[in-house]
Amino acid sequence: MFKILIAEDDKGLSNGIALALKAESYLFLQAFDLDEARRLLKEQRIAMVILDLSIPGGNGLDFLREIKERLEIPVILLTARELETDRQNSLKSEADDYITKPFSLMALRARVNAQMRKAHSSSLQVYQSRDFYFSFQRMEFIKGDRKIELSRTEQRLLRLLVENRGLTLSRGELAECIWADDVQYVDENALSVAVKRLRDKLEDNPAAPRYIKTVYGIGYTWADGREMRSAGGGRG
């Protein structure tokens, strides 16, 4: 599940962007000033930034350059229509894309999807460590030399944990991503049941899990630090 940071001080517009893209199964983090945007970018594994250049707390263009210096992720700028042509051209050369206000949320959605496909065309399809081989594309899951059968829910849960390995995902984030629009109808114990079943299939000792760790009061994290490869491809 890809996390998109929306750095926009207009809460109505920010919420509108998140709502318009919800059907695309992205997870959204919202920042209403640059300090909050910097904090989230540091603490979370962000896949894309939608950045309003006029966001309070500093210089949006400087923040764009900070992002590009540190991370290889796409940035889509939201700019004012009255910006002079020379500056628009400069921004276009530094950002991956930009769109002027006011804009159609449908148009923004198309641009976001295009940039995500471009940036993550080789997104996680295979995860391999000394203990596991997971092919999410082929739906093939192996521990050691033993094939494991996973339900659709268990596959979604595993993929979220592995894609965000080293980070803690809250129970709310996991539930929202796994069950999407049906999350409000899902029993509150459904996630606990899914985690238990996945542990029973992957852990040597489910009562003392080594891989799917509970972060008490928050959620879960994938803690296998011995990974060998986490990119697209087949089993060698």
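Mentor: What follows goes from the model as a whole to the sheet, and then to the helices and loops beside it.

This is a predicted model, in which local features need a pLDDT of at least 70, side-chain atom pairs count only at pLDDT 80 or more, and totals for chains, interfaces and linings use all residues. Residues are numbered from 1 along each chain as its sequence is written, and side-chain values use heavy atoms, with hydrogens and water left out.

The average pLDDT (the predictor's confidence in each residue, from 0 to 100) is 82 for the protein, and 83% of the residues score at least 70. Residues 227–236 have a pLDDT below 50, although this stretch has 28 contacts in the model beyond near neighbours in sequence, a contact meaning heavy atoms within 4.5 Å. Where pLDDT is low, the predicted coordinates should not be read in detail.

Of its 236 residues, 45% are buried, where buried means under 20% relative accessible area, exposed over 50%, and partly exposed in between, with a 1.4 Å probe and protein chains only.

The sheet itself is open and has 5 strands in the order E2-E1-E3-E4-E5, with parallel pairing; two strands count as paired if DSSP finds at least two bridges between them. Strand E2 (27–31) and E5 stand at the edges with a single partner strand each, so one side of each has no neighbour in the sheet. From one strand to the next, the twist averages 20°; axes here are lines fitted to C-alpha atoms, for helices over the stretch in contact, and angles run from 0 to 180 degrees between N-to-C directions.

Strand E3 (residues 48–52) runs parallel to E4 and is joined to E4 by 4 bridges, with isoleucine 50 partnered by isoleucine 76 in E4. Strand E4 (residues 75–80) in turn pairs with E5 over 5 bridges, again in the parallel sense, and alanine 80 has lysine 101 of E5 as its bridge partner. Although E5 stands at an edge, 4 of the 5 residues of this strand (residues 97–101) are buried, so E5 is largely enclosed by the rest of the structure.

Helix H5 (residues 105–119) lies across strand E1 (3–7), E3, E4 and E5, and runs at about 170° to E5. The loop between E5 and H5 contains proline 102, which is joined to lysine 101 by a cis peptide bond with omega about -10°.

Turning to helix H3 (residues 60–70), which includes arginine 70, the buried residues are Gly60, Leu61, Phe63, Leu64 and Ile67. Seen down the axis of H3, these buried residues fall within an arc of 160°, so they line one face of the helix; the arc is that of the directions from the helix axis to the C-beta atoms. Glu69 and Arg70 are exposed on the other side of H3, and arginine 70, at 52% relative accessibility, is in contact with Leu41 and Lys42 when its neighbours within four places in sequence are left aside. The N-terminal end of H3 is capped by asparagine 59, whose side-chain oxygen lies 2.8 Å from the backbone nitrogen of leucine 61.

How values were computed: Helix = DSSP H or I, 4+ residues; strand = E, 2+ residues; numbered from the N terminus. Polar contact = N/O pair within 3.5 Å; in protein donor to acceptor, adjacent residues only side chain to side chain.
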